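Hi everyone, thanks for coming.

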Amino acid sequence: ELRSDLKALIDHPGRIKVPNVLLKDGLSLMKLSHKSKKRVFLKVDPSNFSISWKNVSSNQSIHSNSLHRLLISKTASQNNTIEIYFDDIKDLIFQENASPYREELHISKDFESNWCTVIYFNSKKGKLKTLNLIADTEYDFKRLTLGLKNLKLYRDDIRDKFLNLPDVDIPNNMDFLEENNKDTKEYLNFQDILKYTKRLNINIGQRHLQQIFDEVIEGLGSKTPQSNSATEGSPRNLMEQLDFEQFKTFVTILKKREDIEEIWKDLCGESNPMTYDVFKIFIRNTQKENFDDEFLSRLFKKFCIGKRDSWIPESLNNFLLSKYSPFLNSSFHTNLDQPLNEYFVSSSHNTYLMGRQVAGDSSIDGYVRALQRGCKCVEIDIWDGKDDAISDTDNGKNSFGSTNLNSDGPIVNHGRTFTSSISFVNVIKTIKKYAFISSLLPLILSLEIHCSIPNQLKLVALIKEILGDLLITVPLESDSYMLPSPNKLRNKILLKVKKNSGPFQSNENTEISTTSSTTTSFSEDNGIQVRRSSFSLRSKAEKPKIAPELSSLGIYVQGIKFRNFSLPESKTYNHCFSLSEKSINSMLKDDSKRKAIDKHNRKYLMRVYPSKFRLRSSNFIPINYWTHGVQFVATNWQTYDLGQQINEALFQGSQDQGYVLKPESLRKPTLKSIRAVETEERILKFRFDIEIISAHQLPKSKSSESAINPFVVFEIIGANSIEWDAPHMSKGRTHSISENGFNPVWNETFSGTIIARNELVFLKFTIKSSSATDEIPTIGILVTKFTYLNQGYRYLPICDLLGEQLIYSSLFVRIAH
């Protein structure tokens, strides 16, 4: 079976169970987006594992069913082909599972049974894109899904068999590299080897492959049968060939793990097996694990290969790659029984945006991806929808028979900008579907209301109808004045919505705003001493901003505009202040305000969000606000910059449940004397010793087809200072390995002492590739919290520039602290 799989993949893609129409002319499908509806021909190419499509030009004939007739007049004249690789495909979603994407485009449910959505990374634009397709018939849909699913499965299966499992045998001949259906190829020249490695995306330079090829030739002797002999003067790599046994040797050398062999020598000696006693010492002394003897015994037997009662190097590597050797420490799992205010909550800002704040696209995909990755507080900006002109011929329906949801009722977008809009109904339905996909812990919807009172009343009805029993509409305990714990709120959705009136608002047309500060503005002890000069009244000819019916749904997270920490409204147990980064940064510069913030956030809720001037949706460094106890530090999840990398890293330790218990120093009650609190602040010191050993199966740079020259940049984020053991370590980078992204080895150590105010210290590993040009592309990234890391030898997962894990890639390190 393996032999036939490889044969099909390498030279005969038609043998894979992919319909011929996808391999030859392409399958005719309807491609839909916010901007257009186009007919395309979609093809797959098993030789390089890619999908491509091109628009149907106006002179091409297509079937004349009703769907085609409806849209042929809208078909584009361009004939450009777009190609994406399976390595860049993040998700394949079919039929009802893709309903949020269908509804976002206002397409009737009648087309759901033939719907396919492909989420992929566009390397040229550097962002995620969505490919929405409708097949014309049930038969075409089956052909489409069969082709996409089978090719992806084959891609993963072949890579696993040949690159991840060292004990899998190569097929007993090489007919998987045959040139035609009739003749079996018994020998491989170097060009065949290059073809094999390219199609399996083995990221290694031709020079290194040639060295391995030559080593095999010189070690076992060239096999050049008379029938395949090269003519005089032919290139050496065509004259010399490998038989099957030599090819097995070539693969063995290619996959050789010198780094594992060095570890093995240190543990067991040159050629000795690893006994249970040696394994036990390794687990306790090197890996620092506290498994009991019974579990250790079962674990050891599990990784014995064949009938052996001891380990060989492959056993050790298989164990280190397994789930029994995680890089994150499970002892850091969060206690979930404290009040809600004692947690950091994974939070998103402008969740609906897929790009820039001013002119980006709004999409439910922002909610889907954030919720899938463990976000537990999403933002919804709600505005009045605009009535669309509806022609008499359409009868209020679009080309696919669905009423335009934006023609009536509230919409979601970044108001007064050039961003697109999405239906509020579709947003809430999508949120309900994905709310608890990462964990059952509570989800908070942060509503930013900009719509009219009639539409607010519609919101109330829609939210209650769609969310049903999931929505918290009354307190869990009527006599409690303390926020419930995440555990008590499991499988529930909470609304964060502004209070419709405050103690300083005399009526609906009056709003009080702070115009200058006073000595009592941040007083903690003097009560309410508001001077008339501190405030001014502004009359507005507006209706109340928030309808009482909507405001009353803010049961545990009630938004209140910040005026003063000493006001009674600032001491209600369920209030939440929302501050922009500009506002809180200004306050943190003042000692008295900073101390007031620190005290407030021990007991009450606060949300901080990025500045509106971050036009490209960049992020701040969230550590700056976690340090002061802010629970909801909202970031732009559509931008995977350093701020978002740190944000996601904090919640890794909770297994992406979205809640992390704050350090005790940010939770315990403050003492009466501020000076006493200051003396309690302590400086922490963390010893670290991290050896960057090697990397494995790194992807090629998107900007080049050639093998990469990888090196690793090592950074420590959140420390007050670092005392390095050697001056050269402060440069924070390894040397480059030439033309080898398959298994580069560095063996470089970074060690020293971290000095910090708290445990919010993070490590960042960035794999880059050196080049002759000024551009140094980033290959992969990992950011993790220092105290989460297990000790010993660990494989670290690597993410791409969007934060998606590179399935086959890893960084191999040794950690001690």
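This is a predicted model: local features need pLDDT of at least 70, side-chain atom pairs count only at pLDDT 80 or more; totals for chains, interfaces and linings use all residues.

Seven of the eight residues in α14 are buried, so the helix is largely enclosed. Those buried ones are Asp365, Gly366, Tyr367, Val368, Arg369, Ala370 and Leu371. Just past the end of α14 you'll find Gly374, with a positive phi of about 100°.

Now, what sits against α14? Let's look at α15. Two packed helices are described by the angle between their axes and the distance between the axes. For α14, residues 365-372, and α15, residues 424-434, the axes come within 10 Å and cross at roughly 20°. Angles under 35 degrees count as roughly parallel, so α14 is roughly parallel to α15. The crossing is right-handed. On the α14 side, the contact uses Tyr367, Val368, Leu371 and Gln372, and on the α15 side it uses Val427, Thr430, Ile431 and Tyr434. Sort the residues of that contact by class and you get six nonpolar, two polar and no charged.

Okay, next pair: α18, residues 581-588, and α19, residues 591-603. Their axes come within 6 Å and cross at roughly 115°. From α18 we have Ile584, Met587 and Leu588, which meet Lys593, Arg594 and Ile597 of α19. Here the classes come out as four nonpolar, no polar and two charged.

Hold on to a few of those names, please. Which residues does His628 touch, once we leave aside its neighbours within four places in sequence? They are Leu588, Arg594, Ile597, Asp598 and Asn601. His628 itself lies in a loop, between α20 (623-626) and β19 (632-635). Is His628 buried or exposed? Its relative accessible area is 14%, and the cut-off for buried is under 20%, so His628 counts as buried.

Last stop: Thr473, in the loop between α16 (453-467) and β13 (493-498). Thr473 has 36% relative accessibility, so we call it partly exposed. Follow the chain from Thr473 to Gly554 and the two are 81 residues apart in sequence, yet in space they are 8.0 Å apart, C-alpha to C-alpha. Leaving aside neighbours within four places in sequence, Thr473 is in contact with Leu553 and Ile555.

Conventions: Residues are numbered from 1 along each chain as its sequence is written. Side-chain values use heavy atoms; hydrogens and water are left out. Helices (H or I, at least four residues) and strands (E, at least two) are DSSP runs, numbered from the N terminus. Buried means under 20% relative accessible area, exposed over 50%, partly exposed in between (1.4 Å probe, protein chains only). Contact means heavy atoms within 4.5 Å. Axes are lines fitted to C-alpha atoms, for helices over the stretch in contact, and angles run from 0 to 180 degrees between N-to-C directions. Angles under 35 degrees count as roughly parallel, over 145 as roughly antiparallel, 65 to 115 as roughly perpendicular and the rest as oblique. A crossing is left-handed if the near helix is turned anticlockwise from the far one by less than a right angle, and right-handed if clockwise. Ala, Val, Leu, Ile, Met, Phe, Trp, Tyr, Cys and Pro count as nonpolar, Asp, Glu, Lys and Arg as charged, and the others, Gly among them, as polar.
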